[in-house]
Amino acid sequence: MGDAEAFTREFLPLYHPVPPARPGVCRICHSGPNDSEATGGPWATCASCKRTTENLYGHTEHVVPISLTAKDTQLYDIVVRKRDPAGRRKRSDFLAATVACFYRRHAACLQGLAGGPFTLVATIPSTRTERPIEAFHTMPQVVGKVGALARLHRPLLLEADDRLATVLAGRRSHRAAFRVRGDGLAGARVLLVDDLFVSGAHAQSAASRLIENGAAAVVVLVVARLINPASRDPYSARIWRESHDRPFSFDRCCVSDHQAATGAGRAS
Ligand SMILES: [Zn+2]
Ligand SMILES: [Zn+2]
């Protein structure tokens, strides 16, 4: 992935910056919908995260999207495999370059959330109802192309229980939706990598299972967080609008919203 920087530069207009947590921006997934109907004021977590973190063995408070996205955008179409990023490039190369560029700058931010360096990298298996069969194994491939993550990757760590696929498809989490293969999770700090975060049902179900099997910390890194700018909730529309007001840069992240030292300087 030596050309990850050059590769992603070509696609910078496709990404949209993710805001740090604040009132109106969910502290877990950094987006919305986030409007409490009772008070009209923002919740600390969005409606999806509220629903998907209930009734689990445990959940993660740490979801780090690299970009926001909405339906009917190029990024969304690439992530859900409706199209390739460019004729000569593969979707997995695009995703790997995106993850590599981000991880290179923000490994310390992610490790800070985990309480130390990651000891394992895992991917979230797709469930049968939602993806074409050929897309099943994309994320293990993607992680395999990112040098810093490949050496910690345990490809078969998580396995979907397809009997619960319809629960996840309904945007509900379930503590038994995934099984863990093998052991060695006691005290592990796990980076869970996925392509798209919609409700968090998959990510939180997977996190729950890892925690139940002994993981000390789970941080979820996703390429894109889907939001609905047309939501009745005013916070989603504002988050989406703001994400167009400033250009995306790999030097920033939603954890600390800093500019990495490698950047060309501080944007004001
Ligand atoms: Zn959320
Ligand atoms: Zn960062």
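One aromatic cluster is formed by Phe7, Phe11, Tyr15, Phe94, Phe248 and Phe250. The model is predicted: local features require pLDDT of at least 70 and side-chain atom pairs count only at pLDDT 80 or more, whereas totals for chains, interfaces and linings use all residues. Residues are numbered from 1 along each chain as its sequence is written, chains are lettered from A and ligands numbered from 1 in the order in which they are written, and side-chain values use heavy atoms, with hydrogens and water left out.

The structure contains seven aromatic pairs (rings of Phe, Tyr and Trp, the last by its six-membered ring, with centres within 6.5 Å; planes under 30 degrees apart count as stacked, over 60 as edge-to-face and the rest as tilted). Phe7 and Phe11 make an edge-to-face pair, at 5.4 Å centre to centre and with 75 degrees between the planes. Phe7 is buried at 2% relative accessibility, and Phe11 is buried at 6% (buried means under 20% relative accessible area, exposed over 50%, partly exposed in between, with a 1.4 Å probe and protein chains only).

Cys26 and Cys46 both lie in the loop between helix 1 (4-10) and helix 2 (47-53), so the pair ties together parts that are 20 residues apart in sequence. Helices (H or I, at least four residues) and strands (E, at least two) are DSSP runs numbered from the N terminus. Cys26 is buried, with 0% relative accessibility, and Cys46 is likewise buried at 0%.

The number of disulfides is zero under the criterion of a pair of cysteine sulfur atoms within 2.5 Å. Cys254 takes part in no disulfide, and the nearest cysteine sulfur, that of Cys253, is 5.9 Å away. The relative accessible area of Cys254 is 2%, and this residue is buried.

Four strands form an open sheet in the order 1-6-5-2, with parallel pairing (two strands pair if DSSP finds at least two bridges between them). Strand 1 (63-69) and strand 2 (120-123) are the edge strands, each pairing on one side only. On average, neighbouring strands of this sheet are turned by 15 degrees against each other, direction ignored (axes are lines fitted to C-alpha atoms, for helices over the stretch in contact, and angles run from 0 to 180 degrees between N-to-C directions). Strand 1 is joined to strand 6 (residues 217-226) by six bridges, and the two run parallel; Leu68 stands opposite Arg225 of strand 6. Seven of the seven residues of strand 1 are buried, so strand 1 is largely enclosed by the rest of the structure.

His16, in the loop between helix 1 and helix 2, is buried at 13% relative accessibility. The C-alpha atoms of His16 and Asp245 are separated by 9.4 Å, while the two residues are 229 residues apart along the chain. Val146 is located in the loop between helix 5 (138-144) and helix 6 (147-150) and is buried at 3% relative accessibility. Its C-alpha atom is 9.8 Å from that of Arg104, 42 residues apart along the chain.

Positive phi values occur at non-glycine residues. Asp72 has a positive phi near 60 degrees; Asp72 lies in the loop between strand 1 and helix 3 (74-79) and is exposed, with a relative accessible area of 75%. For Arg171, phi is positive at about 65 degrees. Arg171 is in the loop between helix 7 (165-169) and strand 4 (178-180) and is partly exposed at 40% relative accessibility.
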